[in-house]
Every structure is written in C-alpha cells, then in structure tokens.
Number of protein chains: 2
Amino acid sequence: MAHEDSGWERSANEKQRVALITSGGTTVPLEKNTVRFIDNFSAGTRGSASAEYFLEAGYSVIFLHRSKSLEPYARHLVGRNVFGMLEVLPEHVSVNAKNEVELRKLTQKYQLYRCNLLMVSFNTLSDYLWLLQATAQEMHILGSMALLYLSAAVSDFYIPASQMPCHKIQSSGGPLSLSLQLVPKMLAPLVTIWAPNAFIVSFKLETNEKLLEAKSKESLEKYHHHVVIGNVLDTRKIHVIMIDPVNLQPEEIRLSSKDLENGVEIESKIVDNLKNRHDQFYANHKTG
Amino acid sequence: MAHEDSGWERSANEKQRVALITSGGTTVPLEKNTVRFIDNFSAGTRGSASAEYFLEAGYSVIFLHRSKSLEPYARHLVGRNVFGMLEVLPEHVSVNAKNEVELRKLTQKYQLYRCNLLMVSFNTLSDYLWLLQATAQEMHILGSMALLYLSAAVSDFYIPASQMPCHKIQSSGGPLSLSLQLVPKMLAPLVTIWAPNAFIVSFKLETNEKLLEAKSKESLEKYHHHVVIGNVLDTRKIHVIMIDPVNLQPEEIRLSSKDLENGVEIESKIVDNLKNRHDQFYANHKTG
C-alpha cells in the first residue's frame with residue numbers, strides 16, 4: 001500500500017501528525033438526472049474553524065468537505081463582498097484601509113499554512129463514503145499519528161439507485177411518496193478495518209438536549225472509538241460535551257461570556273482538548 | 001400603497017426600469033427544528049449572471065436569491081481563494097500581478113453598479129413565497145416598467161407544517177416514509193393580482209428535451225404571462241428557447257463555438273433579447 005516517496009510515507013517518517021477533517025452535509029439524489037435531492041446541509045462552521053486550529057497546533061490537515069460549504073480562512077469572507085473591500089488605484093488594486101488589518105492577518109496565516117492543507121471536496125453521500133474510505137486506508141501508514149475528526153453531517157437515509165427514476169419527477173403526477181432506506185453506518189468499518197490505529201473522534205448532533213448524553217454514549221459503546229463530541233443544534237457554538245470510553249462522565253466545554261466578548265471560538269478549545277488526548281493516545285500506542 | 005418618498009416612487013417618477021430577479025433553489029424542511037430538508041439547490045448561475053447584464057442594460061435590480069447561491073460580481077471569485085490572490089507588502093495589501101487585470105475590472109464594475117443593486121436573501125420555500133409576493137406588490141407602482149425574471153428553482157413539493165415532526169427524525173426508527181404535497185403555483189396570483197402590469201418572464205427546466213417545448217407552451221397558456229424560457233439541464237448554458245403568447249414558435253438562443261471561445265455567456269443574449277421585448281411591451285402599455 002505504501003508508495004516509497006508518497007506524502008504519506010514522508011509524514012510517517014517525519015512523525016508529522018495528520019488530521020482528516022470531514023465537514024459539511026451530504027446530498028442524497030432523488031433522480032438519476034438530479035434536479036432534487038434530500039440534503040442535510042451544514043454550513044461547515046465546525047469543520048472549517050477546527051481545520052485552522054489543527055493547522056496552528058502543528059497538524060497537517062486533509063479537509064474533506066462538501067463543496068460550497070465553509071473553508072478554512074476563506075470562511076471569514078463569506079457573506080462579505082470582496083469588491084467592496086478593494087480600492088482601484090492607478091498603480092495597483094489594494095485592500096482598503098477599513099479592511100487592511102484583518103486581511104493582512106488572514107492572508108499571512110493562509111500563506112503560512114497552505115502547504116499543510118489538502119482540500120478534497122464532495123457533494124453526494126456516495127462520493128463522501130468512497131473518499132472517506134480511500135483516505136482512511138491511505139492514512140493507515142501513519143498509525144496512531146493519524147487523527148480522524150468526523151464533523152460532517154452525513155445523511156441517515158437514501159434512495160437506492162435501483163429505485164431512483166431517471167428523469168425529473170413531474171409535479172403533474174400529484175403528491176409524491178418517497179421511501180428511504182437507512183444508510184449503513186461507516187464508523188464500524190472505519191474503526192475496525194480502515195483505520196484501526198488512528199485516533200477517531202465523531203460527533204453527535206441532537207435537537208433535544210435530553211437525548212444528548214445517552215445518544216453519545218450509545219455511539220461510543222457501539223463503535224469503540226475514542227471520543228464522541230455531543231452537541232445540541234441551538235447551543236453548538238457555545239457548548240459541547242466530550243465523552244471517551246475510559247471516563248464515561250462527560251467533560252464539558254463551554255464558552256464564558258468573556259470568551260464570547262473576545263471572539264474566542266469553541267473550536268479552539270475543542271482542538272486544544274483533543275490535541276492533549278491525542279498526545280496521550282500516541283504515547284500509549286507508539287510502541288504498539 | 002405608495003409611500004411619498006419611497007425608492008419605488010422615485011423609480012416610477014424617473015421612469016427607471018426595475019428588474020426583480022429570483023435566483024437559486026428553495027428548501028423544504030422535514031422537521032420543525034430543521035436538520036434535514038429537501039432541496040433543489042441551484043448554483044444560481046443564471047440569475048447572478050443575468051443580474052449583471054440587466055444592470056449594464058440600465059435596469060435597477062432587486063436580486064431575491066437563495067442565501068449561499070451565486071451573487072452578481074462575487075460569483076467570479078467562487079471556488080477561488082482570495083488569500084491566494086493577495087500579497088502582503090509593508091505599506092499595503094495588494095492584489096498580486098497574476099490577478100490584477102481581472103480584479104481591477106470586476107471591482108470597477110461592482111463599484112459602478114452597486115447602488116442600483118438591492119440584495120434580498122432567503123432559504124426556505126415559505127420565505128421565498130412571502131418575499132416574492134411582498135416585492136411584486138410594492139413594484140405595482142412601476143406599472144409596465146417592472147420586469148419579473150423568475151429564474152429561481154422553486155420546490156414543487158413540501159410537507160405541511162401540521163404534518164412535520166418537531167425534533168430530528170431518529171434513524172433508529174428504521175426506513176423513513178415521507179408524503180409530500182404539491183406547492184401551489186404562484187405564477188397565477190403573480191400575473192393576475194400582485195403584478196398585473198409587469199412584464200413577467202418565467203423558466204421551464206426539464207431533463208428530457210422532448211418535453212421542453214410542450215411544457216413551456218403549457219405554462220404560458222395556463223398563466224398568460226409574457227415569456228417562458230425553456231432549457232434542458234445538460235445544455236442550459238449554451239441553448240435556450242424563448243416562447244411568447246403572440247408567436248408560439250420558439251425563438252432559439254444558442255452560443256456559437258466562437259461565442260464559447262470568447263467567453264460569451266448566454267445570459268448576455270437572453271437579457272438583450274428581453275430588453276427589446278420589454279421596450280416593445282412598455283411602448284404598448286405606457287398609455288394604459
């Protein structure tokens with residue numbers, strides 16, 4: 001599997017840690033010539049912000065993301081028109097005074113870390129699953145230096161290709177009935193077959209806080225990976241719980257009002273926490 | 001309805017033509033606390049490109065668009081990292097030599113037309129429908145100077161609020177059955193009640209070319225508006241047909257291989273054609 005002069009091999013030799021971050025939602029087509037699909041689009045805030053903090057913590061990052069979802073660094077400009085930040089002068093086109101400090105800092109960071117960042121994009125559930133498998137398998141050579149951070153919002157349901165119409169469903173046909181199948185959970189083969197030595201972190205998103213802890217533990221007990229980060233849709237930017245199989249008591253991460261004032265992002269604390277856990281994991285496994 | 005010193009009134013007095021452009025797809029939530037939804041996302045290429053050409057043709061533009069879909073001018077930077085186009089110098093942050101010509105031209109255009117461009121965004125089908133109705137009603141004062149260009153890809157099916165679960169659908173419940181209702185067609189009230197004097201252009205997208213002409217005519221005969229632009233998913237960037245109620249023979253617009261070489265966009269030809277039709281329409285209706 002190992003290619004003599006591959007980047008994987010080089011990272012392995014140099015003891016370079018690599019984080020595979022999945023981000024954004026996946027689509028499930030309703031038609032083969034797809035006009036409509038079921039989506040659980042996620043903006044990709046968690047994944048794209050975390051990617052920046054993993055880079056700053058010294059990781060190389062593979063950013064496996066839904067196309068059009070937020071990207072590291074570029075996310076800071078989303079919803080803002082770049083052409084309103086520039087001024088046209090006879091000799092050059094420059095960032096205007098109002099935006100200079102911010103864009104200087106972001107450009108410097110991007111140019112510093114871009115060589116450690118590999119961008120890979122997907123749209124459909126099926127593209128995501130194949131890319132995840134292939135990447136995890138290639139990362140095998142990194143052993144316990146590999147970290148998988150599965151923050152993508154993956155569809156739970158899909159329509160098998162054999163049951164999909166070829167052309168656009170006509171609305172003249174009246175009300176529409178769809179029958180959706182469960183997507184097989186990929187954490188099982190990921191943990192046991194594709195990346196058995198990697199440090200694996202998954203997410204559990206709920207809308208009902210009461211289910212959160214039980215659902216997170218259930219996932220950990222079922223797949224035997226290393227950390228589940230539980231979060232509730234409405235509060236996910238200020239509060240998460242982290243659960244591991246050794247200490248089943250959830251560890252809480254919560255932004256204080258001072259953090260919020262200072263523009264601290266919860267992903268900086270999540271990545272900090274995970275880096276310490278990964279240090280420990282690596283220390284325990286490097287002889288194995 | 002008219003506010004004495006509103007922008008609408010001013011546009012009406014100054015005989016300023018206004019184009020309402022709808023763009024992007026709409027979402028249909030599957031849960032009230034929405035994690036999943038059905039989408040017919042459209043990148044918004046047609047709408048965002050057309051907006052630029054309407055602005056250049058002298059129209060003021062209201063750009064009613066799906067949030068995150070392509071926007072006029074900004075669309076040229078999508079998928080490209082702005083931080084890779086900048087260089088940090090001690091005295092300023094500038095666009096690098098490789099990108100200067102292009103960004104100079106786009107920045108100048110944006111800064112020239114931004115005052116004639118109003119951006120309004122939506123996500124769900126229901127937000128879209130309310131915004132469309134309100135805007136069309138306010139445009140009533142413009143009479144035949146108003147043009148409606150309905151290029152958004154609106155959902156055909158939805159789940160009524162009364163049948164929607166409150167929380168995230170649990171995948172542990174096994175396969176999922178959904179029953180979707182038809183969305184009422186808004187073209188009927190738009191043409192007859194909300195904007196009876198406006199010049200109204202709608203789109204018909206099919207995946208099967210054989211259905212295109214018949215479907216486009218059917219729409220025109222049903223709603224009695226002014227132009228239907230028919231297009232097929234695979235060829236929509238190089239070929240459309242335009243059908244009006246007077247001459248039911250479709251007029252074809254097709255990019256030549258020379259056009260393609262020169263980077264001509266089909267939207268420039270569509271807008272050109274529509275401007276002439278709108279001139280004619282306005283000449284016939286201004287006394288009415």
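**View 1. The annotated domain in chain A.** In this predicted model, the unreviewed UniProt entry places "domain: DNA/pantothenate metabolism flavoprotein C-terminal" on residues 17-72 and 142-235 of chain A. Zoom in on the stretch 142-235 of chain A and you'll find 24% helix and 30% strand, with its end C-alpha atoms 35 Å apart.

**View 2. Where chain B meets chain A.** Here 63 residues of chain B are in contact with 63 residues of chain A. Put together, the two chains bury about 5,500 Å², and carbon and sulfur atoms account for 60% of that.

As for charged and polar pairs, the count of salt bridges between chain B and chain A is zero, while 14 residue pairs are in polar contact across the interface, both partners at pLDDT 80 or more. Several elements of chain B give at least two residues each to the side touching chain A, among them strand S3 (37-39), strand S6 (93-95), strand S10 (176-182) and helix H6 (209-223). Helix H3 of chain B brings the largest share of that side, eight residues.

View 3. Is Asn99(B) buried or exposed? It's buried, because its relative accessible area is 10%, below the 20% cut-off. Leaving aside residues up to four places away in sequence, Asn99(B) touches Arg80(B) and Met85(B).

View 4. Lys68(A) has a phi near 80 degrees and lies in the loop between strand S4 (60-66) and strand S5 (86-88) of chain A. Over in chain B, Tyr73(B) has a positive phi of about 65 degrees, though it isn't a glycine. Tyr73(B) is found in the loop between strand S4 (60-66) and S5 of chain B, and it counts as buried because its relative accessibility is 1%.

**View 5. Cys115 in each chain.** Cys115(A) counts as exposed because its relative accessibility is 72%. Cys115(B), at 71% relative accessibility, also counts as exposed. And how many disulfides turn up over all chains? The count comes to zero.

Terms used. Residues numbered from 1 in each chain as written. Chains lettered and ligands numbered in written order. Predicted model: local features only at pLDDT ≥ 70, side-chain atom pairs only at ≥ 80, totals over all residues. Heavy atoms only, no water. UniProt positions renumbered as here; feature names shortened; annotations may be inferred. Helix = DSSP H or I, 4+ residues; strand = E, 2+ residues; numbered from the N terminus. Disulfide = S-S within 2.5 Å. Buried < 20%, exposed > 50% of the residue type's maximum accessible area, 1.4 Å probe, protein only. Contact = heavy atoms within 4.5 Å. Buried area = accessible area lost by both parts, 1.4 Å probe. Salt bridge = Lys/Arg side-chain N within 4 Å of Asp/Glu carboxyl O. Polar contact = N/O pair within 3.5 Å; in protein donor to acceptor, adjacent residues only side chain to side chain.
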